[in-house]
Amino acid sequence: MQEPFQTGYYCWDFVNKSIPLYVPASTKEKYQSTGGWKDFTNIIEFGGERIEPLTEPQEVDVAVVPDQISLNGMVVGDTYYVLDADNGDGADSENGCVVINTTTTDEAIDGLVGKDVSDASVKAAFKGFIFMVPAGTGTVSINAETLGTSSLMVKIGSQTAQAFQLAERETVEIPYSVAEPTYVYIYAGTGTQAARSMGAARAVAAENSVKVYSYKWEPTDPTGINSVDNSQSATGNEAGAWYTIDGRKLSGKPVQKGIYIVNGKKVAVK
């Protein structure tokens, strides 16, 4: 629901507050500031058509979505999924991974560079998932395995796509350097088109397939906050525009805990 209602005092007493709480796109801050709901520590926005650059190193479990939900053009948190359920693609929560049976060609992926994920041509030409890294240098890590002739493909912006054959589950690391926020494309390539698995409630890996368990972004260097004053706690009276530490302007004072920049100073929201 777009507007979180006020829950009863004891409503969530026996609920694990670390479980994923899915809320509509652009409503996360509302839930984080509403009694009862704000106690949940893993609030994930669901739906929408845009993704923002990652702001802090974190390992993202890509199979966090229930199996029954279609991921054919769906934003979940900071990840955009385009997966063909008719071909057995999708979340496999039983094994904690996303299965990608459908391959994306080199020509198709090259044609997507520079296009926003909301562009209809992205959904039409690409099968896999996409996230965005901020400007600077860093490393993208993918935990995955491959089956048959399929390769795990990782393309960062206009950089040449890298292919990995992984006989068992392992993590690959790809360093990068970009001048502006840049999309990272994760998909299956150089494999035989998998046999179709119609109407599967859970994604099923075919003979040629890629199984991705998680991804992580880590910056090589600090993201430019050394030029501002030392951190101080927010008092609630700070006027001026608020920015994330990677320079992204916010619509107002954030409610999520973290370090932000306002009036040229680092401010800790607690």
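User: I've got the structure open. How many helices and strands does the protein chain have?

Analyst: Start with the overall picture, and keep in mind that this is a predicted model. The protein chain has 18 strands and 3 helices.

User: What share of the 270 residues is buried?

Analyst: Buried residues account for 43% of them.

User: What can contacts tell me about how far apart in sequence the partners are?

Analyst: Take the contacts between residues at least 6 apart in sequence: 68% of them join residues at least 24 apart. K115 sits in the loop between helix 2 and helix 3. Y183 is 68 residues away along the chain, yet the two C-alpha atoms are separated by 9.3 Å. K115 is in contact with Y183, and also with S121, V122 and Y185, leaving aside neighbours within four places in sequence.

User: Is K115 buried, exposed or partly exposed, and why?

Analyst: K115 has 31% relative accessibility, so it counts as partly exposed. Compare A124 in helix 3: its relative accessibility is 66%, so A124 counts as exposed. A124 is also 52 residues from N72 in sequence, with 9.9 Å between their C-alpha atoms.

User: Now strands. What should I know about side chains in a regular strand?

Analyst: The general idea is that side chains in a regular strand alternate between the two faces of the sheet. Now look at a pair of strands in this model. Strand 4 (residues 72–76) and strand 5 pair in the antiparallel sense over 4 bridges. Within that pair, M74 stands opposite Y81 in strand 5.

User: Which strand holds T79, and is T79 buried or exposed?

Analyst: T79 is found in strand 5 (residues 79–82). Its relative accessibility is 2%, so T79 counts as buried. Its side chain makes a polar contact of 2.7 Å with the side chain of Y215. Apart from residues up to four places away in sequence, T79 touches I51, V60, M74, F129, I130 and Y215.

User: And T182? Where is the polar atom of its side chain placed relative to E180?

Analyst: That polar atom lies 2.7 Å from the backbone oxygen of E180. T182 belongs to strand 13 (residues 182–189). Its relative accessible area is 11%, so T182 is buried. Leaving out residues up to four places away in sequence, T182 touches F131, M132, V133, I156 and G157.

User: How do I read a nonpolar core, and how many residues does the largest one have?

Analyst: Think of it as a set of buried nonpolar residues joined through their side chains. The largest one here has 33 residues, and F131, I142, L152, V154, I186 and V212 have the most contacts inside it. Several strands supply at least two residues each to this core, among them strand 8 (128–133), strand 9 (136–147) and strand 14 (209–219).

User: Last topic: how many salt bridges does a search of the whole structure find?

Analyst: The search finds 2. One is formed by K155 and D110, whose closest N and O atoms are 3.7 Å apart. This pair links distant parts of the chain, with K155 in strand 10 and D110 in helix 2, 45 residues apart. K155 has a relative accessible area of 3%, so it is buried, while D110, at 48%, is partly exposed.

User: Which residues form the other salt bridge?

Analyst: E218 and K216, with their closest N and O atoms 3.7 Å apart. E218 is partly exposed, with a relative accessible area of 34%. K216 is partly exposed too, at 28%.

Notes: Residues are numbered from 1 along each chain as its sequence is written. This is a predicted model: local features need pLDDT of at least 70, side-chain atom pairs count only at pLDDT 80 or more; totals for chains, interfaces and linings use all residues. Side-chain values use heavy atoms; hydrogens and water are left out. Buried means under 20% relative accessible area, exposed over 50%, partly exposed in between (1.4 Å probe, protein chains only). Contact means heavy atoms within 4.5 Å. A polar contact is a pair of N or O atoms within 3.5 Å; within protein, one must be able to donate a hydrogen and the other to accept it, and residues adjacent in sequence count only if both atoms are side-chain atoms. Two strands pair if DSSP finds at least two bridges between them. A nonpolar core is a set of buried Ala, Val, Leu, Ile, Met, Phe, Trp, Tyr and Cys residues joined through side-chain atoms within 4.5 Å. A salt bridge is a side-chain nitrogen of Lys or Arg within 4 Å of a carboxyl oxygen of Asp or Glu.
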